[in-house]
Amino acid sequence: MRNYFQDVWLRLRRDKLALLGLVIIAIVIFMAVFAPYLSSYEYDAQDFLESNEPPSMNHFFGTDIFGRDIFVRVLYGARISLAVGFVASLINLFIGVIYGGISGFAGGKVDNLMMRIVDVIYSVPVMIYVILIMVVVGSGLKSIFITLGISYWASMARIVRAEIMRLKNEEFVLAARVIGASSSRILFRHLLPNAMGAILVSLTFSIPSAIFTEAFLSFVGLGVSAPMASWGVLSSDAIGTLAIYPWQLFFPAAAISITILAFNFLGDGLRDALDPRLRK
């Protein structure tokens, strides 16, 4: 007799697109971690004698206007883009889940007040947060992390609140109250674990969303600055030479697209695999 998690893994393995997404994510993470060992070039080393070289055996993705190897810069860019995605997921996990859980479990005036705060945060565009933070701390990766910390947990809080409000009237919660379990124990030991399916799916989808946000902000000049190179920075730098050297934009843009698709494939697979109604 298989348990719930064995059923989840079995259903996930049957989803070819989800497995493909998982493999792609593993490859991207591996290449980002071991970037220094995958090429002999430095990501910021300039060689004007080899500027704007097309893809070749020496430079797999070609070189940019300064003669820097694009393959290495894409690998190092993966570190920044993935770091932003995983930081967003951690923020969702620790702030959004706890905040939404408390709001949904408390209910009444407490819930109403907490959700109005979420509404205010959610209504302000991310670009406004970035501009305001840049005035205080300047542009760069720190600004992006602070922006994510301020705004990115609001969606997760809403999702968790809805799940907790649905679950808190179930019989297992009543049984826990009868045996004298405290409110914090009921929330963290009973309700949140039972909402973990929706939480994991939301976390999976939040990572590509954060990666795209960072890429967009870096593309318009509000993200990381030189010599750091995220995928958005690489795409922005290549816009001016698109008509002459299209490979300079193709590879970082392809890295963004493939990674976002991989996380979306995995998220779709997890959503189906974690649905208890599909268990046989």
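**Exercise 1. Determine which residues S103 touches, not counting residues up to four places away in sequence, and describe its setting.**

Solution. Step 1: with those sequence neighbours set aside, S103 touches D111, M114, M115 and R161. The model under study is predicted.

Step 1: S103 is placed in helix α3, which spans residues 70-106.

Step 2: the relative accessible area of S103 is 0%. Buried means under 20%, and S103 is therefore buried.

Step 3: one of the touching residues, D111, also forms a polar contact with S103, side chain to side chain, at 2.4 Å.

**Exercise 2. Describe how α3 and helix α4 pack, giving the angle and the distance between their axes.**

Solution. Step 1: two packed helices are described by the angle between their axes and by the distance between those axes.

Step 1: for α3 and α4 (residues 108-123) the angle is about 145 degrees and the axes are 7 Å apart.

Step 2: the crossing of α3 past α4 is left-handed.

Step 3: on the α3 side the contact involves Y99, I102, S103, G104 and A106, and these meet G108, V110, D111, M114, M115, I117 and V118 in α4. By class, the contact residues comprise eight nonpolar, three polar and one charged.

**Exercise 3. Carry out the corresponding analysis for α3 and helix α9: at what angle do their axes cross, and which residues make the contact?**

Solution. Step 1: the axes of α3 and α9 (residues 183-194) come within 11 Å and cross at roughly 115 degrees.

Step 1: the handedness of this crossing is right-handed.

Step 2: α3 contributes V97, I98, G101, I102 and F105, while α9 contributes S183, I186, L187, F188, L191 and L192.

**Exercise 4. Is S151 buried or exposed, and what does its side chain reach?**

Solution. Step 1: S151 belongs to helix α6, which covers residues 141-151.

Step 1: its relative accessibility is 11%, so S151 counts as buried.

Step 2: the S151 side chain reaches the backbone oxygen of T147 at 2.9 Å.

Step 3: once neighbours within four places in sequence are left aside, the contacts of S151 are I121, V126 and Y129.

**Exercise 5. Locate G140 and state how far apart G140 and V224 are in sequence and in space.**

Solution. Step 1: G140 is found in the loop that joins α5 (126-137) to α6.

Step 1: G140 has a relative accessibility of 8% and therefore counts as buried.

Step 2: between G140 and V224 there are 84 residues of separation in sequence, but the C-alpha to C-alpha distance is 4.1 Å.

Step 3: leaving aside neighbours within four places in sequence, G140 is in contact with G223 as well as V224.

Key. Residues numbered from 1 in each chain as written. Predicted model: local features only at pLDDT ≥ 70, side-chain atom pairs only at ≥ 80, totals over all residues. Heavy atoms only, no water. Axes fitted to C-alpha atoms, helices over the stretch in contact; angles between N-to-C directions. Helix = DSSP H or I, 4+ residues; strand = E, 2+ residues; numbered from the N terminus. Left-handed = near helix turned anticlockwise from the far one by under 90°. Contact = heavy atoms within 4.5 Å. Buried < 20%, exposed > 50% of the residue type's maximum accessible area, 1.4 Å probe, protein only. Polar contact = N/O pair within 3.5 Å; in protein donor to acceptor, adjacent residues only side chain to side chain. Nonpolar A, V, L, I, M, F, W, Y, C, P; charged D, E, K, R; others polar.
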